[in-house]
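Work through the following exercises with the sequence and the structure open beside you. Try each task before you read its solution.

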Amino acid sequence: MNSLLWARVSLLAFCVLGFFTPDFAHAKKLRWGGDSEGGAPYILQDPANPERTIGFEVDLVAALAKELGIEPEFVQNQWDGLIPGLKRGNYDVVVNGLEITDDRRAEVSFSDPYFVTYEQITVRKENFDIHSLADLRGKIVGTLKYALAERILEQQGGIEIRGYDSQTTIYEDLANGRLDAVLLDQPIAVYYGNPDKRLKSVGKPVGQMQYGMAIRKEDKALLGLVNAAIAKLTLEGKLREIYDRWGIWTPMLADYFNDPSPSRPAVEYDAYIKAMGIERGWKEKLQQYASYLPLLGKGAIVTLELSALGMFFAVLVGLFIALVRLYAPAPLGLFATAYVEVIRGTPLLIQLFFIFYGLPNIGIKLSPMVAAVFGLALNYSAYEAEVYRAGLLSVPKSQLEAALSLGMGRLQALRHVIIPQATRVVLPPMTNDFISLLKDSSLVSVITMVELTKVYGQLASTYYDYFGIGLLTAAMYFVIGLPFVRLSRWAEKYFSKGRAGIL
Amino acid sequence: MIGTWLLVDLSAKRTGMKPLISVKELKKSYHGHDVLKGVDLDVASGATTVVIGRSGCGKSTLLRCLNGLESFDSGSITVAGATIEITEKKHRKSERNFQKNAKKIRSNLGMVFQSFNLFPHLTLLENMIKAPMVVKNISRAEAEQNAEALLKKVGLSQCLGRYPSQLSGGQQQRGAIARALAMSPRVILYDEPTSALDPWLVDEVFQVMKDLDAEGMTQVVVTHELRFAREVADEVVFIEDGEIVEIGKAEQIFSQPRDERTRQYLGRFL
Ligand SMILES: Nc1ncnc2c1ncn2[C@@H]1O[C@H](COP(=O)(O)OP(=O)(O)O)[C@@H](O)[C@H]1O
Ligand SMILES: [Mg+2]
């Protein structure tokens, strides 16, 4: 077995050296994609130091990168967008609990499996009826949406399935009786089910699934390198060592890797349980919350940048569109009307996906930040255009005529007479739109931006604390928006000069 | 707009005898409804011409055509030697061309509206200096000096820093007249300048117009105030149904109107 593996490694290494793709050869870094909201033990924010990203897959990639002789670089991406992000070239490999399936194989190549696992049934301590998949019939069972477990439950039939978006709340609902059982990947059960004293795992392993690293089909050389490295890490026991430390070594893995030796202490697992289980007084709790602030602050800055830039361009484009709609000859005006209707009539989410993942098909590849600003500006420019149109129309036509009869040209009249008066009318709805944009900017996490809401998701899923961190995040949004509300009040007053009662 | 706008600068050929405004065969319709049915009108330099007639007869339309706020179907308008002419449906010229010509005509015309139309977001002084600074590139200092002199003339020296909303209707209208004067026009057109005013404010506005008449300003005034027409007008124009029924010296119109329709309109006032 060992000699066979070695032969494979050297053969692959040989092939790979011959076919080194220029793209990858020049890359100084191993850019890998994953979602740090995915939770323990895959990729997560370190509960002891929220600015660090940890997880068995982080360790795995570190070992892999070392093997390849380059630095790893983590690229955050929404879990269900990991494959589009890979194809788009945001990163070169996905390592994030991606099960090897035929559907996915049609899109990307997979490395040899680096991890093999199964679905685990978890129930409440006092439950003695459920021992197998068959016993779940007629019961309410929770699982993650779109996971293998969900398909298994569907095939089993007669089960009331509750699909969740995040694992953190599933086991809580089991413990408090909303669910009769949970079926989820074994590592998740180990980290989220087992630590809860009210719960226990029962029954034999259900099904089997293999995690592979996803790589673009054309990156054959990289695939070869990765497979060689996985084989080498397996052979040297480094893979095993990582799984031991994270406490996820199972008989199934022992079988798969043909390694019956006993497990070593699960140091990472213990550290995690310890960090999560610390009983904190209010002082420690405050310190804990304070420790989130740098991360939330970074997210808030990204949110602010995005929103301010987005609004700036939305205002410029919106004003232009409104002027064209009102004053340009018919064909141009029709075009502007169509622009408003189309942009306003389609969801921002779709626009963002289209800009980020769709445009590369015609050769336009934007960075996440540019794509995000572009998307927000595009979407809001349509709303702004309508606001400005209404504002301009609110100025009586007689004002334009007075300006023209004083000898001003149309543009001069617009600039000196119409727009200043329209501004007053337009400011309150504009402020509204800005606040709304500030909140809509949370949508850009789907195109890999890590802004305030994303940071919230990461922290909350790490600490199971959607409440406290949620309040903190909400407060941050509020604080970001506040200066703009003030500014707009002041500006509104300024532009209301001359109106009865306001001087 | 179908037709050709021709702008012919005749200033070189101008003689002292020529009228300052000359309207020929002016026709205008809205959706097939004829509002002006071929209006011919000359306004002599220095004269105050008062236009009277029932509501809806086309007085406002005539004034708006005069300063290019409204286009027309055919005819020509000459103001201080510059002409816009529409020869019927020969060529199609661009809207831009019309705007350009209208702008040129406008540079000699001031307009005073029934609803004053001061710019509400600007103080009275700013209202006065905006157009001179923007259109004529006059420095702020010079524009302000000029504006202050004009406001003094219409009795508003105390109101420079006030916004229109802080002025009475009469003050606003006097301000609007001063604002028109600030562009040094050759003619001022008034469209029912006192119709929106409380009765006791009417005279202060008419007084300003009388003063201007005395100074030799050329004025065309649409009004229902026959008293003003009788007192101030050099010529009175009576319009009915888009046509000029009668033009004459004020004393003639008010003492012995030639047309029966004029007589009917003036009715009690005779
Ligand atoms: N923009 C317009 N569209 C259609 N009809 C109009 C328009 N402006 C004026 N009219 C019509 O033209 C006629 C003359 O209007 P106007 O010149 O305002 O009359 P006056 O000022 O003498 O009261 C009226 O019958 C009026 O209804
Ligand atoms: Mg009228």
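Predicted model: local features only at pLDDT ≥ 70, side-chain atom pairs only at ≥ 80, totals over all residues.

**Exercise 1. The interface of chain A and chain B**

Task: Describe how many residues of chain A and chain B are in contact, and how much area the two chains bury between them.

Solution: Begin with the residues, where 22 residues of chain A are in contact with 24 residues of chain B. Next turn to the area, since the size of an interface is often given as the accessible area lost when the parts come together. Chain A and chain B bury about 2,100 Å² between them, and 60% of this lies on carbon and sulfur atoms. Finally, look at the side of chain A, on which Glu401(A), Ser405(A) and Leu406(A) lose the most area to chain B, together 27% of what that side buries.

**Exercise 2. Charged and polar pairs across the interface**

Task: Find the salt bridge between chain A and chain B, and then say which helix gives the most residues to the side of chain A that touches chain B.

Solution: The rule finds one salt bridge across this interface. The partners are Glu401(A) and Arg64(B), whose closest N and O atoms are 2.7 Å apart, and this lies inside the 4 Å cut-off that a salt bridge requires. Helix H17 (397-405) and helix H18 (410-440) of chain A each supply at least two residues of the side that touches chain B, and H17(A) gives the most, with seven residues. Sorted by class, that side of chain A has nine nonpolar, nine polar and four charged residues.

**Exercise 3. The shell around ligand 1**

Task: Identify residues of chain B that surround ligand 1, and state how much of the ligand's accessible area the protein covers.

Solution: The residues around ligand 1 include Tyr30(B), His33(B), Cys57(B), Lys59(B) and Ser60(B). A polar side-chain atom of Tyr30(B) lies 3.5 Å from a nitrogen atom of ligand 1, a backbone N or O atom of Cys57(B) lies 3.3 Å from an oxygen atom of the ligand, and a side-chain N or O atom of Ser60(B) is 2.7 Å from an oxygen atom of ligand 1. Of the 560 Å² of accessible area that ligand 1 has on its own, the protein covers 61%. Strand E3 (33-43) and helix H1 (59-66) of chain B each supply at least two residues of the shell, to which H1(B) gives the most, with three residues. By class, the shell divides into three nonpolar, six polar and two charged residues.

**Exercise 4. Two backbone features**

Solution: As background, most residues other than glycine have a negative phi, and most peptide bonds are trans.

How values were computed:
Residues numbered from 1 in each chain as written. Chains lettered and ligands numbered in written order. Heavy atoms only, no water. Contact = heavy atoms within 4.5 Å. Buried area = accessible area lost by both parts, 1.4 Å probe. Salt bridge = Lys/Arg side-chain N within 4 Å of Asp/Glu carboxyl O. Helix = DSSP H or I, 4+ residues; strand = E, 2+ residues; numbered from the N terminus. Nonpolar A, V, L, I, M, F, W, Y, C, P; charged D, E, K, R; others polar. Near = heavy atom within 4 Å. Polar contact = N/O pair within 3.5 Å; in protein donor to acceptor, adjacent residues only side chain to side chain. Areas by Shrake-Rupley, 256 points an atom, 1.4 Å probe, with all protein chains shown as cover.
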